[in-house]
Amino acid sequence: EVQLVQSGAEVKKPGESLKISCKGSGYSFNTNWIGWVRQMPGKGLEWMGIIYPGDSDTRYSPSFLGQVTISADKSIKTAYLQWSSLKASDTATYYCARQEALTGHLDYWGQGTLVTVSS
Amino acid sequence: SSELTQDPAVSVALGQTVVITCRGDSLRDYYACWYQQRPGQAPLLVFHGENNRPSGIPDRFSGANSGDTATLTITGAQAEDEAVYHCNSRDNGPNLVVFGAGTRLTVL
């Protein structure tokens, strides 16, 4: 069974750093792209970027380039999304999902990680 | 960059058929994918490509693509279909993937 399990909810202050995780199982993690998607409260889905864990090839949406860093550790089948300095506007639920690169469809999703940034 | 446009909300009577629409330039080159998102849950892929329904998705869900428009049809809507439906597709612009804003479906 394909599963993506994300790390738990976080409450942070503006300016703090954060790294959330997404652990894959039940499929070949290293040869499938992982995408990250943001959902701000009450809003739609926004594609942030993708990573190919096998060689860490990473692509970012222009909206998120320089704002976050996507990485992966293939040895432990885990992808990461990190911030060096959080802002209140980063408050959202973040999803990882297995993404088919050619078509853009995301077929298996993590449960989401709620990140709250508040002073 | 390309965008996908969806109606904010639609409603359907229980057991009737509803069509949810997604429009955008990227759909001229790529098929749409459709996701169902119930409150408090992660999105769930319900249809993608020319004619692909993931395992476990009821066959009352179907999709179609023509020009810059894609549709998701629910034939015989059930109460459990009440959710937000998001479309997305690949894109040739700097955003490799684009999403619509979502359509809230109410089953009456």
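Start at the interface of this predicted model. Select chain B and chain A, and display the polar contacts that run between them: the count is five residue pairs, with both partners at pLDDT 80 or more. The rule finds zero.

Next, colour chain B by secondary structure. On the side that touches chain A, strand E4 (33-37), strand E5 (44-48), E8 and strand E9 (97-99) of chain B each supply at least two residues. Pick out E8(B): with four residues, E8(B) gives the largest share of that side. Eleven residues are nonpolar, seven are polar and one is charged.

Widen the view to the whole contact. Chain A puts in 23 residues and chain B 19.

**The largest pocket**

Move to the largest pocket, which holds about 450 Å³ of space. E9(A) gives the largest share, three residues. How do the lining residues divide by class? Eleven are polar, nine nonpolar and four charged.

**Tyr30(B)**

Go to Tyr30(B), in the loop between strand E3 (18-23) and E4 of chain B. Show its neighbours, leaving out residues up to four places away in sequence. Tyr30(B) touches Leu102(A) on the other chain, and Ser89(B), Arg90(B), Asp91(B) and Asn92(B) on chain B. Zoom in on Asn92(B): its side chain and that of Tyr30(B) are joined by a polar contact of 2.6 Å. Then pick the C-alpha atoms of Tyr30(B) and Glu50(B). The pair is 20 residues apart in sequence and 9.5 Å apart in space.

**Ser7(A)**

Finish on chain A. Select Ser7(A), in the loop between strand E1 (3-6) and strand E2 (10-12). Which backbone atom does the side chain of Ser7(A) reach? The backbone nitrogen of Ser21(A), at 2.9 Å. Now show what else surrounds this serine, again setting aside residues up to four places away in sequence: Ser7(A) touches Ile20(A), Ser21(A), Gln111(A), Gly112(A) and Thr113(A).

Key: Residues numbered from 1 in each chain as written. Chains lettered and ligands numbered in written order. Predicted model: local features only at pLDDT ≥ 70, side-chain atom pairs only at ≥ 80, totals over all residues. Heavy atoms only, no water. 1 Å grid on protein atoms, 1.4 Å probe; cavity = no way out; pocket = protein on both sides within 12 Å on 5 of 7 lines; lining within 4 Å. Points joined across faces, edges and corners; volume = space filled by probe spheres on them. Nonpolar A, V, L, I, M, F, W, Y, C, P; charged D, E, K, R; others polar. Contact = heavy atoms within 4.5 Å. Salt bridge = Lys/Arg side-chain N within 4 Å of Asp/Glu carboxyl O. Polar contact = N/O pair within 3.5 Å; in protein donor to acceptor, adjacent residues only side chain to side chain.
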